[in-house]
Amino acid sequence: MGDRASDQVLTYDVVVVGAGLAGMRAAVEAVRQGVKVAVVSKVHPLRSHSTAAQGGINAALGENDSWEKHAFDTVKGSDYLGDQDAIEVLCREAPQDILELEHMGVIFNRRPDGRLAQRPFGGAGFPRTCYVADITGQAIVHVMWEQLLKAGVPVYDEWFATSLVVDDGVCVGLVALDLRGGRLHTFQATRGVVLATGGLGRIYQPTTNGIICTGDGMALAYRAGAALQDMEFTQFHPTTLKGSGVLITEGARGEGGYLLNKNGERFMAKYAPKMMELASRDVVSRAEMTEILEGRGVDGCVLLDLRHLGRKIIFERLYQIYELARDLAGVDALQEPIPIRPGMHYQMGGVKTDVNGATTLPGLFAAGECACVSVHGANRLGGNSLLETVVFGRRAGKAAALREAHTRPLSSAPAQDEEKRIRSLFARETNGDRCATLRREMGTTMNDLVGIFRDAEGLKEALARIRALKERYQRLPVHHQGWVFNTDLVQVLELGGMLDLAEVMIVGSLARQESRGAHSRRDFPQRDDVHWLKHTLAFYTPEGPRLDYAPVTITRWQPQERSY
Amino acid sequence: MRLTVKVRRYNPEAPKPQPYWQEYAVEVEPAATVLDALIRIREEIDESLALRCSCRSAICGSCAMRINGHAGLACKTKASVVAGSTGVITVEPMGNLPVIKDLVVDLAPHWGKVQAVEPWLQPTGPEPQGEYLASNEAMLHLAGVMNCIMCGACVSDCTVLEVDPNFLGPAALAKAYRFVADPRDGVARERLSKYSAYGGIWDCTRCFECVQVCPKGVAPMERIMALRERAIAMGYKDTYGARHTLAFEELVEHSGRLDELRLPLKTFGYTNLPKLISLLPIAVRTLPKQKVPSPFHKPIPEVRKFQATFRKARQVSENERQPTATQAKQG
């Protein structure tokens with residue numbers, strides 16, 4: 001016993017967990033403050049799911065645009081649940097952050113005069129989405145990685161964080177499993193741990209999210225006592241590819257693509273006569289689902305038609321999705337419409353933070369999709385998530401670096417405790433259950449019962465099923481017993497966190513007796529500002545989540561009826 | 001669809017670690033990718049199988065591996081296509097990189113080489129208030145290279161890396177090109193000098209393997225060739241590679257065909273005795289194969305007509321190179 005836990009404690013001022021855009025941006029900023037920083041990530045930075053963002057990143061750069069217009073669109077998109085102070089920060093700081101990305105080397109597409117080009121996006125009253133064809137996320141991730149290399153930040157890549165270390169109510173570090181070396185290590189973060197672990201899409205099946213998007217940071221924070229916020233708000237993207245369920249960018253509609261039902265009608269005219277295909281995502285996804293449920297779909301899908309855009313625009317600005325449709329669905333988008341359907345895409349909720357990334361647990365910060373600032377409220381606008389990663393990644397990195405150091409030495413006991421826990425998982429007897437079976441049951445439960453449309457009956461059923469899965473999880477065996485690159489072990493650990501989060505999402509959904517943004521209750525179809533213009537908070541208890549509520553910050557935009 | 005997937009496996013924790021083949025019979029959807037098949041194996045048959053994967057849409061670069069002997073992304077490769085009529089697919093870890101476990105290789109040597117090309121934008125001059133003004137064409141040209149997801153497929157199948165691990169490799173050099181060709185970067189000269197050294201742009205043998213296996217159409221070899229042209233244009237002519245290229249051009253222009261005897265003399269220098277002596281064994285080996293070049297090299301008939309065509313072709317290619325040379329302005 002004990003030979004898998006390192007005696008050494010790796011000590012830094014700031015440890016960032018996760019190396020997508022938010023995490024790398026946080027690390028780059030923390031280094032600028034002159035402190036010692038490390039990044040811990042279960043995958044190499046270039047494998048992060050930020051690379052999969054396709055369409056673009058928003059900023060009010062146009063002569064007739066303004067940050068206030070961007071903020072209003074975001075507030076309206078959030079169905080008035082977003083905190084307006086945070087949204088003001090996001091939109092006011094956006095232009096400077098975009099320019100910084102450009103100066104770092106991002107190859108944004110240009111206008112004929114050489115300035116940054118911007119494309120229209122859903123829910124936006126102005127074309128304010130900067131883009132690199134349909135590989136915007138990849139283009140920015142690679143540049144941010146270059147900045148990380150330039151800054152010389154040590155990256156512990158393929159190290160999986162298994163727990164946070166909390167000492168007397170303060171987060172002082174974490175334990176991570178080095179997947180290659182097969183050993184557990186204790187990290188001390190004297191000034192702060194920044195969680196930037198991304199989304200939890202894999203709780204659903206299907207999802208646009210990569211296999212690595214398992215909500216690890218949210219689950220770690222929840223178990224460590226930090227508040228999760230608005231977890232019932234899950235975004236379904238209107239255009240995910242039939243079959244594999246991978247993302248087809250909103251840019252396809254931004255560039256002028258049509259949505260058609262089986263009769264060839266542009267059905268969005270019925271649901272959002274002004275904005276049509278470019279209404280906000282919750283509205284478009286509900287419209288598509290309604291068409292499908294009412295029998296006007298095509299084999300469980302509707303159609304995305306790009307043919308009228310022509311070869312030049314498709315090959316210049318949408319070539320990735322042209323290839324995806326061809327390779328994964330066998331569809332030539334120049335010749336025929338692409339079959340698509342709404343699919344789980346993004347988690348608006350997350351670890352509750354203030355505008356500087358501070359969570360409710362001192363010493364713990366969060367940024368990006370794993371955080372809830374909250375700028376997206378009940379529904380996120382396309383192009384605002386990449387923006388959130390750079391604005392709030394930067395702010396969280398800075399705030400963590402400037403926090404007063406908590407220098408009480410840390411022992412390696414946390415790593416030893418984690419070794420005991422993993423050995424106890426290894427010791428479980430096989431019982432016919434497999435990790436993948438439980439994950440699939442969780443995924444389909446969430447998709448079927450906690451999807452675009454919800455009701456009390458379905459949510460109660462979902463809660464019962466998830467709690468039954470949690471019971472089975474307590475006895476779930478790890479079939480592979482090695483320590484080096486044991487992806488079976490990692491998946492079992494991930495699943496534990498996902499089941500916790502699924503429970504929080506359902507409990508929050510059941511409690512919220514209204515329809516707002518992406519949360520549509522068939523039994524409560526109206527938005528109810530009198531009772532529900534408030535954030536849901538969830539805290540871990542051994543019996544299940546304890547809910548609390550917090551007011552929404554409203555600065556200058558009073559809630560109005562929302563139509564597109 | 002019933003498949004037989006033969007996987008090259010390796011468990012570093014075995015008492016005596018040895019690579020070995022393991023066959024799995026697996027049922028998949030007709031539209032399944034190789035990655036779908038491997039995930040099904042991992043989920044339903046054998047949880048010990050180690051592989052990297054995430055996005056399933058050829059953008060994260062995790063799942064590069066050798067499929068039927070050639071590197072590619074498992075998520076972009078249709079199982080039915082590579083299984084053919086036999087229904088058998090072989091899957092191995094990428095080449096030219098140490099194996100950690102099963103299909104998981106250690107990319108650290110590759111990341112080190114990427115770092116060595118100083119892969120970050122280095123503008124000179126004052127930072128503009130707004131964005132750098134640049135043409136959309138220049139950005140689209142760079143997007144062709146930025147399409148690289150660093151999956152390592154080209155590194156895996158590079159025939160130079162196989163014999164010379166010091167070679168920077170196709171992916172790192174394609175990345176290097178991205179900065180040299182960026183109108184905002186200010187240190188192209190220093191970069192090209194550095195990339196001209198041993199292990200750099202002149203070590204590629206133009207075998208086309210990287211162009212063939214790249215799942216994103218980056219064509220790394222063509223980027224390396226473009227770096228060579230720029231290096232020569234910037235005056236970095238004093239490398240064996242550059243001299244070989246220039247000598248080749250000069251000799252062909254002179255007589256309409258290559259003077260194979262003069263090529264090494266011009267490349268290495270008439271007085272570079274140690275190098276010329278080192279070439280003697282090669283010269284000796286040409287004897288029995290009757291490949292010895294004639295000491296009396298004659299021009300082709302109508303060589304003047306050929307020379308006119310040659311010069312015209314050179315002019316066309318120089319004109320074509322112009323657009324990417326536009327400089328970024330400060331906006």
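**Exercise 1. Find how many residues of domain 1 and of domain 2 of chain B are in contact, and how much area is buried between them.**

Step 1. In this predicted model, 17 residues of domain 1 of chain B are in contact, meaning heavy atoms within 4.5 Å, with 16 residues of domain 2 of chain B. The bounds, which come from an automatic or database domain assignment, are 2-105 for domain 1 and 108-238 + 325-330 for domain 2.

Step 2. About 1,200 Å² is buried between domain 1 and domain 2 of chain B, with carbon and sulfur atoms giving 55% of that area; buried area is the accessible area (1.4 Å probe) that two parts lose on being put together, summed over both. Ala71(B), Asn96(B) and Leu97(B) supply 38% of the area that domain 1 of chain B buries against domain 2 of chain B, more than any other three residues.

Residues are numbered from 1 along each chain as its sequence is written, and chains are lettered from A and ligands numbered from 1 in the order in which they are written. Local features need pLDDT of at least 70 and side-chain atom pairs count only at pLDDT 80 or more, while totals for chains, interfaces and linings use all residues; side-chain values use heavy atoms, with hydrogens and water left out.

**Exercise 2. Describe the surroundings of Arg52(B).**

Step 1. Arg52(B) is buried, with a relative accessible area of 14%.

Step 2. The side chains of Arg52(B) and Glu158(A) are joined by a polar contact of 2.6 Å, that is, a pair of N or O atoms within 3.5 Å; within protein, one must be able to donate a hydrogen and the other to accept it, and residues adjacent in sequence count only if both atoms are side-chain atoms.

Step 3. A polar atom of the side chain of Arg52(B) lies 2.9 Å from the backbone oxygen of Val105(B).

Conventions: Buried means under 20% relative accessible area, exposed over 50%, partly exposed in between (1.4 Å probe, protein chains only). Lists of a residue's contacts leave out its neighbours within four places in sequence.
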